[in-house]
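Colleague: I would like to learn how to read the features of a model such as this one. Could you take me through them in turn?

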Amino acid sequence: MLGLKLLTDPRWANIAESNLEEILTDHAWCEQKAASNAISLITQNSEYEDLVHELTAIAIEEMEHFKMVIDIIKEKGYTLGRERKDDYVGRLMKFSKKDGSRNQAFIDRLLFAAMIEARSCERFRVLTQNLKDETLAKFYYDLMVSEANHYTTFLNFARKYTIDVDVDKRWKEWLDFEGQLIQSYGNKEHIHG
């Protein structure tokens with residue numbers, strides 16, 4: 001369904017589980033950044049009423065996820081670490097087209113968001129299927145479903161609001177790029193690492 005070119009090796013869940021404090025901290029900040037991205041899309045494209053409505057709901061939901069992850073961190077006796085740079089997301093952002101029309105930049109920003117949601121969904125599936133902690137596995141299952149919905153929302157808005165972009169062609173380019181990019185990741189206790 002997601003079209004990802006390379007699935008995460010299930011052993012990544014062992015890396016994540018070996019340092020839950022780190023993966024949970026990284027995850028919390030991913031949720032915060034997802035909320036910020038939705039808000040940024042709203043502020044830059046406020047003329048699209050349905051987008052504003054849907055992305056407001058996503059931003060709120062992402063901050064609810066942030067709170068849920070922080071609560072898990074606290075329950076486990078961990079400390080929320082400092083926000084850290086997400087190299088994977090940074091490299092995706094560099095792939096994003098910014099030098100074309102306003103519509104091209106808008107569509108690519110939606111595809112950028114869809115790609116992150118797709119990879120997050122896939123990583124949460126790996127955690128769901130491989131974590132020994134059943135409560136945490138259930139938590140990641142619920143988030144997996146949420147991320148899949150977000151992925152679909154961003155991709156559908158790209159298709160709806162395109163003026164001068166062949167969205168399916170550009171999405172394939174995103175999938176191909178990400179398929180190469182992700183080969184460098186999957187060996188750290190980061191959601192995208």
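Modeller: We will go through the fold, the pocket, the cysteines and one asparagine. This is a predicted model, in which local features need pLDDT of at least 70 and side-chain atom pairs count only at pLDDT 80 or more, while totals for chains, interfaces and linings use all residues. Residues are numbered from 1 along each chain as its sequence is written, and side-chain values use heavy atoms, with hydrogens and water left out.

Colleague: How many helices and strands does the protein have?

Modeller: Helices (H or I, at least four residues) and strands (E, at least two) are DSSP runs, numbered from the N terminus. Here there are seven helices and zero strands.

Colleague: What does the radius of gyration say about the protein?

Modeller: The radius is taken over C-alpha atoms, and the globule rule is 2.2 Å times the number of residues to the power 0.38. For 193 residues a compact globule would have a value near 16 Å, and the protein agrees because its radius of gyration is 16 Å. Its C-alpha trace spans about 50 × 30 × 25 Å along the principal axes.

Colleague: How is a pocket found, and what is the volume of the largest pocket?

Modeller: Rolling a probe the size of a water molecule over the atoms shows where empty space is left. On a 1 Å grid over the protein atoms alone, with a 1.4 Å probe, a pocket is an open set of points with protein on both sides within 12 Å along at least five of seven lines, and lining residues have an atom within 4 Å of a point. The volume, which is the space filled by probe spheres set on the points, is about 280 Å³ for the largest pocket. Of its 21 lining residues, those closest to the centre are Cys-30, Lys-33, Ala-34, Asn-37 and Ile-116.

Colleague: Is Asn-103 buried or exposed?

Modeller: Asn-103 lies in helix α5 and is buried, at 9% relative accessibility. Contact means heavy atoms within 4.5 Å, and, leaving aside neighbours within four places in sequence, Asn-103 is in contact with Tyr-161, Thr-162, Ile-163, Asp-164 and Val-165.

Technical notes: Buried means under 20% relative accessible area, exposed over 50%, partly exposed in between (1.4 Å probe, protein chains only).
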